[in-house]
Amino acid sequence: MPRPNWQLLPDPEPQERSYSIVSVDDHLTEPPDVFVKRFPAKLRDQAPQVITTPDGSEAWLYRDKLYRDNGMSVVAGRPRSEWTLDPLNFDEMRRSAWDVHARVKDMDLDGIWASLCFPSGAWGFTGRALSMHSDPEVGLAAIRAWNSWMIEEWHGAYPERFIPMQLPWLRDPKIAAAEIHRNAELGFKSVSFLESPHLLKLPPITDRRHWEPFFKACEETDTVISLHCGASGFVLQGSPGGGLNVQTSLFPAGAFCAAIDGVWAGIPALYPNLKIALSEGGIGWVPMAINRLDYVMEHSGAGGTPWTFDVTPSEALRRNFYFCMLDDPATLDQRHMIGIDHILFETDFPHADSTWPTSQDLLRKRFAGIPHHEAVMIAGGNAARLFRHPLPQGDDWPKITP
């Protein structure tokens with residue numbers, strides 16, 4: 001059966017730049033050469049590789065299974081009438097989905113200074129499909145290959161434009177901790193992590209002893225935990241058959257759940273210098289979470305596990321967690337309750353929720369009523385400080401490419 005004749009729109013007009021935007025939640029599609037050449041020779045035949053199936057579609061072959069991302073994850077540059085859940089081949093995507101040089105050009109068009117990129121949905125946002133291989137040696141090789149590609153080729157091609165985030169080794173926190181230390185030396189500033197490890201039949205986040213090496217290593221190396229909604233392979237959903245619109249509408253509820261779970265597990269209280277950045281959850285739920293944590297401490301929480309830490313749960317939430325807005329106009333009035341220095345911004349490129357290619361226009365509209373220095377912080381200053389990433393100085397910002 002022939003493939004559909006997908007069309008791509010012409011390049012958008014370059015945006016006027018009002019802010020140095022740092023997006024802490026973007027995505028990429030791994031190019032075909034990521035894994036094989038980075039696998040140990042003895043395991044190379046087990047590395048993920050792209051194949052063309054009999055129906056003409058491309059897919060990753062790994063551990064005798066096919067892995068694909070859905071088409072809604074790569075809609076940038078496509079007419080809305082052609083948005084589809086069906087997987088797309090590489091030549092059906094905007095090239096910037098998988099080509100780092102094209103990605104930077106598209107960032108320039110939208111006025112995005114720097115970007116933190118999660119892996120494709122094919123592998124899950126922590127690379128869970130890679131690391132949970134039945135053969136741990138192969139799984140660890142896959143995680144290391146992805147991380148090497150990220151630091152050497154994606155971040156390495158434009159170090160000032162990409163914040164390098166690593167994938168974690170999920171099976172053994174001691175090995176994961178060693179990888180965190182090793183990767184910090186290579187320049188990684190972040191690590192993706194699961195919001196609900198128990199969904200992968202791993203010990204829950206409440207198992208403090210099990211996860212201690214991982215969290216301790218992140219704190220010691222100042223490695224930010226980037227926690228993306230749905231990283232465990234599950235998102236909150238309503239009635240059966242509710243569809244993608246229900247699931248994506250509930251993303252903020254997933255962030256709420258992950259944050260509350262982590263706070264009551266004592267993670268931020270045990271590791272006061274640990275930094276956790278929530279992606280794709282918005283900020284609208286945060287004031288309610290602060291209020292609810294305080295209320296529960298005075299009421300029903302008295303009947304649960306005693307809280308013995310020197311900070312309250314809401315103080316731990318506001319100190320250790322960072323919150324990411326996509327477009328939350330109704331909540332910006334509560335920015336000081338949330339913490340003006342803990343609000344970040346994302347473009348979610350190239351997903352269907354993305355603000356590309358009008359991110360600068362959006363922020364000019366949303367920030368019209370707030371002080372300029374606060375707008376600058378949210379647009380990119382907070383993320384630059386959190387991830388220790390430089391902002392453009394003078395001529396560092398490249399000319400807009402037509």
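Let's start with E315. It sits in helix α10, which covers residues 313-320. Keep in mind that this is a predicted model.

D294, E298, D310 and E315 gather on the surface. Together these residues make a patch of negative charge.

Now, the aromatic rings. How many aromatic pairs does a search of the whole structure find? The search finds 22. Take F193 and W211. Their ring centres are 5.4 Å apart. Their planes stand at 80°, so this pair is edge-to-face; the cut-off for that is over 60 degrees.

Where do these two residues lie? F193 is in strand β8, residues 190-193. W211 is in helix α5, residues 208-221. F193 is buried, with a relative accessible area of 2%. W211 also counts as buried, at 2% relative accessibility.

F193 has another partner, F214. This pair is stacked. Here the distance is 4.6 Å centre to centre, with 25° between the planes. F193 belongs to strand β8 and F214 to helix α5, 21 residues apart, and the pair links these distant parts of the chain. F214 is buried too, with a relative accessible area of 1%.

One more group of rings. Which residues do ring pairs link into a cluster? They are F35, W60, Y62, Y67 and W123. Find that cluster on the structure above.

Methods:
Residues numbered from 1 in each chain as written. Predicted model: local features only at pLDDT ≥ 70, side-chain atom pairs only at ≥ 80, totals over all residues. Heavy atoms only, no water. Patch = residues over 30% accessible without salt bridge, like charges linked within 9 Å, V, L, I, M, F, W, Y side chains within 5 Å. Areas by Shrake-Rupley, 256 points an atom, 1.4 Å probe, with all protein chains shown as cover. Salt bridge = Lys/Arg side-chain N within 4 Å of Asp/Glu carboxyl O. Lys, Arg positive; Asp, Glu negative; His and termini not counted. Charge placed at Lys NZ, Arg CZ, Asp CG, Glu CD. Helix = DSSP H or I, 4+ residues; strand = E, 2+ residues; numbered from the N terminus. Phe/Tyr/Trp six-rings, centres within 6.5 Å; stacked < 30°, edge-to-face > 60°. Buried < 20%, exposed > 50% of the residue type's maximum accessible area, 1.4 Å probe, protein only.
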